[in-house]
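Okay, thanks everyone for coming. I'd like to walk you through one model today, so let me put it up on the screen.

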Amino acid sequence: MPKFLISGGAGFIASCLAERLLESSEDNYVVIVDNLLTGKKANLPSPSLPNWHFVQADVNKWEDIAPIMTQNSFDYVFHYAAVVGVQRTLDNPLEVLADIDGIKNMLSLAKNTRVKRFFYASSSEVYGISETFPQHELHTPLNARLPYAVVKNMGEVYCKTYQETYGLPYTIFRFFNTYGPKQSVDFVMSKFIKAALAQKDITIYGDGEQKRTFCYIDDHLDATVACLSNNDSVNQTINIGNDQEISIADLAAIIVRLTNSSSKIIHTPPLKEGDMPRRQPDITNMKKLLGRNLTPIELGIQKILDAYNSI
């Protein structure tokens, strides 16, 4: 029975990954760890799904996570725990820096307990201010200054160093914007959809010409799970996202149209920092893992609306 540990497992992406692993094989056993700072128990898998266990713990604290990892022989560790959200990370830089402790704890324990592979959730933020697009995994400018980006970059370096020093295999995922029905309202897609459904104004920072790409959660998960049986992903960094760009203003207009909303689009002063003008990943490696086309953005939004209507 393969055993998985998912840190930050009550968050959006990590909880969806837990469900996918449980649904993909009855033999999989998943332990979910989360301190519930931003994660929610409501995100945890259905009680009807067997072979999973939740532990409320803080991976940044050795005394919390060490007993969990030493008392279990995990085959795979997905380290997704982190302070997330642009505004939250800007407002709480010391909390972000504390995540370095969690990275070190998880890697040290994974090495000591002979984990087969360590999966690390990095971020598109490590690209900082890029000069070339699409953003390729091998071309990282290292000019990011924000604590969140620096910590994610450090996490990548730790993974590579543990592999070189101790032989601990890793796969680094650089997440670009992922969206889906369980996403919290701290992020642009879910924030806009919630406002539109409530017939409230949709607020955009600046002129709305910031370019982004949006990856539907099923595409994200399919690529992630495919890595488990793909040797080409071992000791590699992989962009996880969509390569079709859209401006934030156009995204808001699409959401208003698909929801038949009367919401008005309101522009406010731009953020002082943290709102990069453009993000577009090179997803050549992700497409090889998927072996299919990605979900178009309007279809993905409609899937979210259908999920809301089914509740």
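I'll start with the whole chain and then go to a few places in it.

First, the ground rules. This is a predicted model, so local features need a pLDDT of at least 70, side-chain atom pairs count only at pLDDT 80 or more, and totals for chains, interfaces and linings use all residues. Residues are numbered from 1 along each chain as its sequence is written, and side-chain values use heavy atoms, with hydrogens and water left out.

So, the overall picture. We've got ten helices and 13 strands; those are DSSP runs, H or I of at least four residues for helices and E of at least two for strands, numbered from the N terminus. The C-alpha trace spans about 55 × 45 × 40 Å along its principal axes. What about the radius of gyration? It's 19 Å, which agrees with the value near 19 Å for a compact globule of 311 residues. That's taken over C-alpha atoms, and the globule rule is 2.2 Å times the number of residues to the power 0.38.

Of the 311 residues, 51% count as buried. Buried is under 20% relative accessible area, exposed is over 50%, and partly exposed is in between, with a 1.4 Å probe and protein chains only. As for contacts, meaning heavy atoms within 4.5 Å, take those between residues at least 6 apart in sequence: 81% of them join residues at least 24 apart.

Now zoom in on Phe 119, in strand β5, residues 117-123. Phe 119 counts as buried because its relative accessibility is 0%. Which residues does Phe 119 touch, leaving aside neighbours within four places in sequence? Tyr 76, Val 77, Phe 78, His 79, Thr 171, Phe 173, Cys 227 and Leu 228. Asn 72 is 47 residues from Phe 119 along the chain, and their C-alpha atoms are separated by 17 Å.

Next up, helix α6, residues 188-197, where the buried residues include Met 189, Phe 192 and Ile 193. And what do the buried residues of α6 pack against? That would be β7 (178-179), β8 (202-205), α8 (248-258) and α10 (297-310). After α6 comes Gln 199, with a positive phi near 60°.

Over to Asn 60, in the loop between β3 (52-56) and α2 (62-70). Its side chain makes a polar contact of 3.1 Å with the side chain of Asp 99. By polar contact I mean a pair of N or O atoms within 3.5 Å; within protein, one must be able to donate a hydrogen and the other to accept it, and residues adjacent in sequence count only if both atoms are side-chain atoms. A polar atom of the Asn 60 side chain also lies 3.2 Å from the backbone nitrogen of Gly 102.

Last topic, backbone geometry. Most residues other than glycine have a negative phi, and most peptide bonds are trans. Here, the bond from Phe 133 to Pro 134 is cis, with omega near -5°, and Pro 134 lies in the loop between β5 and α5 (147-166). Asn 51, in the loop between β2 (29-34) and β3, has a positive phi of about 65°. Asn 260 has a positive phi too, near 50°, and lies in the loop between α8 and β13 (265-268). Buried or exposed, then, for Asn 260? Exposed, with a relative accessible area of 69%, whereas Asn 51 is partly exposed at 25%.
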